Amino acid sequence: MTAVRKLVSFRLPPLPTIGEVIKLYKLRAEKQLSQNFLLDMRLTDKIVRQAGSLRDAHVCEVGPGPGGLTRSILSAGAADLLVVEKDTRFIPGLELLSEAAPGKLRIVHGDILTYRLDKGFPRKIIKAWEDDPPDLHIIGNLPFSVSTPLIIRWLENISNKSGPFAYGRTRLTLTFQKEVAERLTASTGSRQRSRLSVMAQYLCTVRNCFTIPGRAFLPKPKVDVGVVHFTPLAQPQIQQPFKLVEKVVRNAFQFRKKYCRKGIEMLFPEAERLKLAEELLREADIDPTLLPTKLTIANFRALSDSYARMCAENPWLLTYDFREERRLKNLGRKMVMPPTDTLAGTPASTKR
């Protein structure tokens, strides 16, 4: 006798379409909030598939809006879906969806930038960092205005194993402007290679999944949208504090069409700039005439390690900002810094 296999996937009851929900609650996308609605459920289903299997998974959706992506997540079999929505106008439509999926959808009216995701899920799902990722996913069709600052914050959380990464190597599936998606996944030497490329790739495996044409959204944005998947690495490729790495990478890329030496020099005060930049590049074995886009993750690891050593000997270097020195100079004031000999590693008081 052939066994009958039962389908255990969750099926939502008949509901108004997303377009009808928008009309029912008189919703409209706010331009100042960079809101764009995705109405095609085939596309929301495709976004969700990039996350992998969601059967019985815990999921956080960022900015669900009228709930199109939310429906796809529930239909994929998520057991526990937490949605964080800042805009009050969308709450009634989400409550309607919650009633259709009893016990599966939790709604938080709040800002994802301040919400404590490390408190949002049961501790039983925690996995050791070296183990496989936990059964927890973050998925979101992000407003353009928040996408870059949010991913930078989450990358820092990955580095610190905090926030949503207190549960382990939580995976992310997120939308960005196509240009940002290309930067996040750009390889060494490519035109799109940027600070964002290095910061994401030293901490994660990053995959540009597919592009959604702007015409699929309401209202239609001026740009297309890329879907990007992130899986945190068990071992980051650079073993230094996030803020130190970010400072090195940011300075290197601020003059992206010039030799990397130019940006690296700005890590140091004007009086010792050339000398210390030369020391850093020599110790890290970096060709000073390389363009920033040509620097590999291994190059940035060597630069970060050497810069960390210099900061350990001169702790104030880590907080030095060339813009502040320039601002004070324009005001006719001088930045207070340790004696020159201290920079070279020899305290001025001991010099003969």
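Where does K26 lie? Let's start there. K26 is in the loop between α1, residues 18-24, and β1, residues 37-38. Keep in mind that this is a predicted model.

K26 has a backbone feature to flag. Its phi is near 55 degrees, a positive value in a residue other than glycine. Is K26 buried or exposed? K26 counts as exposed, because its relative accessibility is 73% and the cut-off for exposed is over 50%.

K161 sits in the loop between α5 and β6. How does the model class its accessibility? K161 counts as partly exposed, at 40% relative accessibility.

Now the sheet. How many strands form it, and in what order? There are 7 strands, and the order is β4-β3-β2-β5-β6-β9-β7. The sheet is open, and the pairing is mixed. As background, strands of a sheet pair through backbone hydrogen bonds, either parallel or antiparallel.

Which strands stand at the edges? They are β4, residues 105-109, and β7, residues 204-212. Each has a single partner strand, so one side of each is left without a neighbour in the sheet. From one strand to the next, the twist averages 20 degrees.

To find the place on screen, pick T205, which stands opposite T231 in β9.

Next, the helices on the sheet. α4 packs on it, touching β3 and β4. The direction of α4 makes about 165 degrees with that of β4. Helix α5, residues 144-160, also packs on the sheet. Which strands does α5 touch? They are β2 (58-62), β5 (136-140), β6 (171-177), β7 and β9. The direction of α5 makes about 150 degrees with that of β6.

Is D87 buried or exposed? D87 is buried, because its relative accessible area is 12% and buried means under 20%. What does the D87 side chain contact? It makes a polar contact with the side chain of R89, at 2.7 Å.

How many cavities of 30 Å³ or more does a search of the whole structure find? The search finds 1. The largest cavity holds about 40 Å³ of space. Its lining is L15, V21, P66, G67, R71, G93, L96 and L97. Which element gives the largest share of that lining? That is α4, with 3 residues.

Two loop items to finish. K124 is in the loop between β4 and β5. K124 is exposed, with a relative accessible area of 74%. How far apart are K124 and P134? They are 10 residues apart in sequence and 9.9 Å apart in space, C-alpha to C-alpha.

Last, a cis peptide bond. Which residues does it join? It joins L218 and P219, with omega at about -10 degrees. P219 is in the loop between β8, residues 217-218, and β9.

Technical notes
Residues numbered from 1 in each chain as written. Predicted model: local features only at pLDDT ≥ 70, side-chain atom pairs only at ≥ 80, totals over all residues. Heavy atoms only, no water. Buried < 20%, exposed > 50% of the residue type's maximum accessible area, 1.4 Å probe, protein only. Polar contact = N/O pair within 3.5 Å; in protein donor to acceptor, adjacent residues only side chain to side chain. Pairing = 2+ DSSP bridges. Helix = DSSP H or I, 4+ residues; strand = E, 2+ residues; numbered from the N terminus. Axes fitted to C-alpha atoms, helices over the stretch in contact; angles between N-to-C directions. Contact = heavy atoms within 4.5 Å. 1 Å grid on protein atoms, 1.4 Å probe; cavity = no way out; pocket = protein on both sides within 12 Å on 5 of 7 lines; lining within 4 Å. Points joined across faces, edges and corners; volume = space filled by probe spheres on them.
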